[in-house]
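Colleague: I have not seen this one before. Can you walk me through it?

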Amino acid sequence: MDIAIIGSGYVGLVTGVCLAHIGHRVICVDNNQEKIKRLRQAKIPIYEPGLDELVKKYLKSKRLSFSTSIKEATRKATVIFIAVGTPARQNGEADLTYVENVAREIALNMDSYKLIVEKSTVPAETGKRIERTIKLNLSKKFRKGNKITLDFDVASNPEFLREGSAIHDFMHPDRVVIGVESKKAEQIFREIYKPLKTHMIVTNISSAELIKHASNSFLATKISFINSIAQICDHVGADVLKVAEGMGFDKRIGRQFLDAGIGYGGSCFPKDVEAFIRLSEKSGYHFSLLNEVRNVNECQRISFVKLIEDKLWIIKGKKIGILGLAFKPNTDDMRNAPSIDLINMLQNEGALIKAYDPKAMPNTKKCLTKVTYCKDPYELAKGCDCLLLVTEWDEFKDLDFKMIRRLMKQPLVFDGRNLYHDKNLKELGFEYYGIGRGQI
Ligand code: NAD
Ligand code: UGA
């Protein structure tokens, strides 16, 4: 099938490459000319495991191409996925400016049947607005009075991939959700996703849009729930890892997304929870549960800093080493990374920050100055009064803590992701604090 993807960021690029991988001909579009120039040379703007090999492979076989022209892509493709950003506006609502712009441009260039698909995360009813925008902007030759003579469909096909495992998630989804208003659109989706041999949930557009918002909000709720439990664990001498294990064996609950830590970050959960709160308000419902999910998440970072302040005594002038900067492992994405909040809070108290991350340092340098960036964890540890584990990269699991102990000024480790729960750093002479380990 001939498919166009408009917006070649994390979602657009991964979707485009994976659709090429399962046999389709894909043209990926972006209005960032420099990005497209580099992608044509198989230079990938993001770090996502496995992505560059696939881009190279399908560029070479010509099943994948890149363009800056929505016109070219609209003419070539039958199915057009909109995968542009939907960032938060000042008031927390989703900003749909890019979606509207793209819908208009598609309409202006349509000359035959098209299936226009929302891939971006958008509030319920955006599908209706896209349809209206397309009708209003179609060329005159496809109108007769009030009637539209060109057949098209709008559909929703929300994306559930996670950064860091995006290709695997796309190729092995738990489900594919499609929101359609016609049999023709449903048939097209069935053909597109046939090679994935996955369960397909077919519903109307508003339900599909809501499934995405509800899923992200529920996952964020699980995280805030376990973080609340972790707070109690610390005070009653319980271990959150055991509590999560004990809860997780109940199939109705499940172990996933019960990892207590310094709270969720990234380009999606914070923005999507906020947008869902706004959407609920607009529809007359006060979603107080989600307000609390957000509040708990914010408090989690503050209480981590309070713990550091308590144990370090004086923060001013202390050298603090940050292990991991990205919002999660296996990505270089720094959007809404918890490390940014932590570093800002500690710098405000006068701390001197050193940091190391395997992939995210180039992006961090754009948003955090006054940080000393190090080439590895050992250079980081040198002269530090304490270490903070912020992102649980695999390469941090088996560090030589004997050497780290010798390099540090004071043997203090604050583990914001409970990565070292089984390492017994105390035996190596460290004062060690995890999250919710019943230790305060
Ligand atoms: P992104 O910022 O990485 O990519 C968006 C791209 O769209 C950018 O490259 C931008 O240049 C391009 N763009 C903007 N306006 C354009 C236009 N008029 N024409 C062509 N290109 C244009 O964003 P992302 O992380 O890929 O997220 C995209 C959407 O997918 C968001 O709604 C997000 O919530 C959703 N989503 C993201 C993830 C994720 O893991 N990042 C997962 C699921 C859903
Ligand atoms: C999340 C969802 O998992 C995807 O299904 C969804 O498609 C995506 O958002 C989106 O809509 O964009 P992502 O943000 O890439 O994916 O990463 P996650 O693995 O969900 O982690 C998000 C944040 O939650 C990270 O900061 C992570 O450290 C934190 N987290 C996750 C926890 O603190 N505890 C957990 O148990 C799990």
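Colleague: Which residues come nearest to ligand 2?

Modeller: Phe160, Leu161, Lys212, Asn216 and Cys268 come nearest, out of 19 residues around ligand 2. A residue is near a molecule if one of its heavy atoms lies within 4 Å of it. Keep in mind that this is a predicted model: local features need pLDDT of at least 70, side-chain atom pairs count only at pLDDT 80 or more, and totals for chains, interfaces and linings use all residues. Residues are numbered from 1 along each chain as its sequence is written, chains are lettered from A and ligands numbered from 1 in the order in which they are written, and side-chain values use heavy atoms, with hydrogens and water left out.

Colleague: Which backbone atoms lie close to an oxygen atom of ligand 2, and at what distance?

Modeller: A backbone N or O atom of Phe160 lies 2.7 Å from a ligand 2 oxygen. For Leu161, a polar backbone atom is 2.6 Å from an oxygen of ligand 2. Glu163 has a backbone N or O atom 2.8 Å from an oxygen atom of ligand 2. A polar contact is a pair of N or O atoms within 3.5 Å; within protein, one must be able to donate a hydrogen and the other to accept it, and residues adjacent in sequence count only if both atoms are side-chain atoms.

Colleague: How much of ligand 2 does the protein bury?

Modeller: The protein buries 91% of the 710 Å² that ligand 2 exposes when taken alone. Those areas come from the Shrake-Rupley method with a 1.4 Å probe; for residues, only the protein chains shown count as cover.

Colleague: Which helix gives the most to the shell around ligand 2?

Modeller: H9 does, with three residues. Helix H9 (205–236) and helix H11 (269–282) each supply at least two. Helices (H or I, at least four residues) and strands (E, at least two) are DSSP runs, numbered from the N terminus.

Colleague: Back to Phe160. What sits over its ring?

Modeller: The charged end of Arg175, 3.6 Å from the ring centre. The rule is NZ of Lys or CZ of Arg within 6 Å of the ring centre and within 35 degrees of the ring normal. Lys184 lies over the face of Tyr113, at 3.7 Å from the ring centre.

Colleague: New topic. How many salt bridges are there?

Modeller: The structure holds 31. Each is a side-chain nitrogen of Lys or Arg within 4 Å of a carboxyl oxygen of Asp or Glu. One of them joins Glu159 and Lys119, with the closest N and O atoms 3.0 Å apart. Glu159 is in the loop between strand E8 (152–156) and helix H7 (166–171), and Lys119 in the loop between strand E5 (114–118) and helix H6 (126–137), so the pair ties together parts 40 residues apart in sequence.

Colleague: Is Glu159 buried or exposed?

Modeller: Glu159 counts as buried, at 10% relative accessibility. Lys119 is buried too, at 3%. Buried means under 20% relative accessible area, exposed over 50%, partly exposed in between (1.4 Å probe, protein chains only).

Colleague: And Lys397, which partner does that one have?

Modeller: Lys397 forms a salt bridge with Asp394, closest N and O atoms 3.0 Å apart. Lys397 is partly exposed at 36%. Asp394 is exposed at 57%.
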